Amino acid sequence: MATIKIFLVEDDPDWIRAMTAYLNSEPDLEVAGFATSSREAIEKARRLDFDVVLLDIQLTDYEEEGIHTAIELHDIHPAKIIMLTSMKDESIIMQAFTAGAVNYVEKTNYKELPHVIRNAHQHPRAMDALLKDYARLKREEQLKQLTAAEREVFELIEQGYTQPQMEKKLYKTESTLKNQVNKMLKKLGVTSRKEAVEKVRRKGLLPPK
């Protein structure tokens, strides 16, 4: 029987101890490591070997920190992310899926975790397809307010084109292009090209400044 390795990200030491003991009592589950903050989670994720992340939505840095941590983890590790929550706010749950989580479990229902972990690890394809489609829809939702010309400009910026390269490719003057860029930034609610790309890539979930 293959062991499913779990990375636990939670700011409550008592919960970490209790969950580690509970999950390690299952023959096919093993807590491979834990982190108590977003920064520690991201650092450890680069060197730990794990299959599934159990991630608290409310870490101590600020409310909903776990949502932004999920985005970072999703970018650097292929593990399946399951969000832990004590909240029943539907908008928060939707943000968790937007951030790439495959499921969520209310902490009071912790006894469901072994089943949820096994399911996420053993049957990922259907959920992966749904999440990919959801990510596409979230991207379109953000870009639908742009004109065809503004979207073309955004996509070139996303691909790494510089201002002179875009002017040459699109046969546009510097002033015309700058005007379109400024309109695109305003519609996306950001102040720089880098922030525009980051916001769309993160499906609108940018951490507070």
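Which helix holds Leu-137? Leu-137 sits in helix H6, which covers residues 124-143. Keep in mind as you read that this is a predicted model. Let us start with the whole chain and then come back to this leucine.

## The chain as a whole

There are ten helices and five strands in the chain. Along the principal axes, its C-alpha atoms fill a box of roughly 65 × 35 × 30 Å. Of the 209 residues, 43% are buried. Among contacts with a separation of 6 or more, 63% are between residues 24 or more positions apart.

Back to Leu-137: its relative accessibility is 45%, so Leu-137 counts as partly exposed, since buried would require a value under 20% and exposed one over 50%. Leu-137 and Leu-84 are 53 residues apart in sequence, and their C-alpha atoms are 25 Å apart in space.

## The sheet

In what order do the five strands of the open sheet lie? The order is S2-S1-S3-S4-S5, with parallel pairing. Strand S2 (29-35) and strand S5 (103-106) stand at the edges with a single partner strand each, so one side of each has no neighbour in the sheet. On average, and ignoring direction, neighbouring strands are turned by 25 degrees against each other.

Looking at one pair of strands, S1 and S3 run parallel and are joined by four bridges. Ile-6 stands opposite Val-52 of S3.

Strand S4 contains Thr-85. With a relative accessibility of 1%, Thr-85 counts as buried, because the limit for that class is under 20%. Setting aside neighbours within four places in sequence, the contacts of Thr-85 are Ile-57, Ile-93, Tyr-104, Val-105, Glu-106 and Lys-107. One of these contacts, Ile-93, is also listed among the buried residues of H4, together with Ile-92, Ala-96 and Thr-98. After H4 comes Gly-100, which has a positive phi near 110 degrees.

In soluble globular proteins, nonpolar side chains tend to be buried together. The largest nonpolar core here has 23 residues, and those touching the most other members are Phe-7, Val-53, Leu-55, Ile-81 and Met-83. At least two residues of this core come from each of strand S1 (4-9), helix H2 (38-45), strand S3 (52-56), helix H3 (65-76), strand S4 (80-85) and helix H4 (90-98). H3 gives the largest share, four residues. Apart from this core lies another, made of 20 residues, including Trp-15, Val-31, Leu-84 and Ile-117.

Which residues does Phe-7 touch, not counting those up to four places away in sequence? They are Gly-33, Phe-34, Ala-35, Ala-41, Lys-44, Ala-45, Leu-48, Phe-50, Val-52, Val-53 and Leu-54.

## Helix H7 and its two partners

Two packed helices are described by the angle between their axes and the distance between the axes. Helix H7 (residues 148-158) packs in this way with helix H9 (residues 174-188), and H7 also meets H10. The table sets out the two pairs.

| Pair | Axes come within | Crossing angle | Residue classes in the contact |
|---|---|---|---|
| H7 with H9 | 9 Å | roughly 90 degrees | eight nonpolar, one polar, three charged |
| H7 with H10 | 10 Å | roughly 90 degrees | five nonpolar, no polar, two charged |

With H9, the axes cross at roughly 90 degrees, which makes H7 roughly perpendicular to H9. On the H7 side, this contact uses Ala-149, Glu-150, Val-153, Phe-154 and Ile-157, while H9 brings Leu-177, Gln-180, Val-181, Lys-183, Met-184, Lys-187 and Leu-188.

With H10, the axes again cross at roughly 90 degrees, and H7 is therefore roughly perpendicular to H10. Here H7 contributes Phe-154, Ile-157 and Glu-158, and H10 contributes Arg-193, Ala-196, Val-197 and Val-200.

Helix H10 spans residues 193-201, and its buried residues include Ala-196, Val-197 and Val-200, along with Glu-195. Just after H10, Lys-203 has a positive phi of about 60 degrees.

How values were computed
Residues numbered from 1 in each chain as written. Predicted model: local features only at pLDDT ≥ 70, side-chain atom pairs only at ≥ 80, totals over all residues. Heavy atoms only, no water. Core = buried A, V, L, I, M, F, W, Y, C linked by side-chain atoms within 4.5 Å. Buried < 20%, exposed > 50% of the residue type's maximum accessible area, 1.4 Å probe, protein only. Contact = heavy atoms within 4.5 Å. Axes fitted to C-alpha atoms, helices over the stretch in contact; angles between N-to-C directions. Parallel < 35°, antiparallel > 145°, perpendicular 65-115°, else oblique. Nonpolar A, V, L, I, M, F, W, Y, C, P; charged D, E, K, R; others polar. Pairing = 2+ DSSP bridges.
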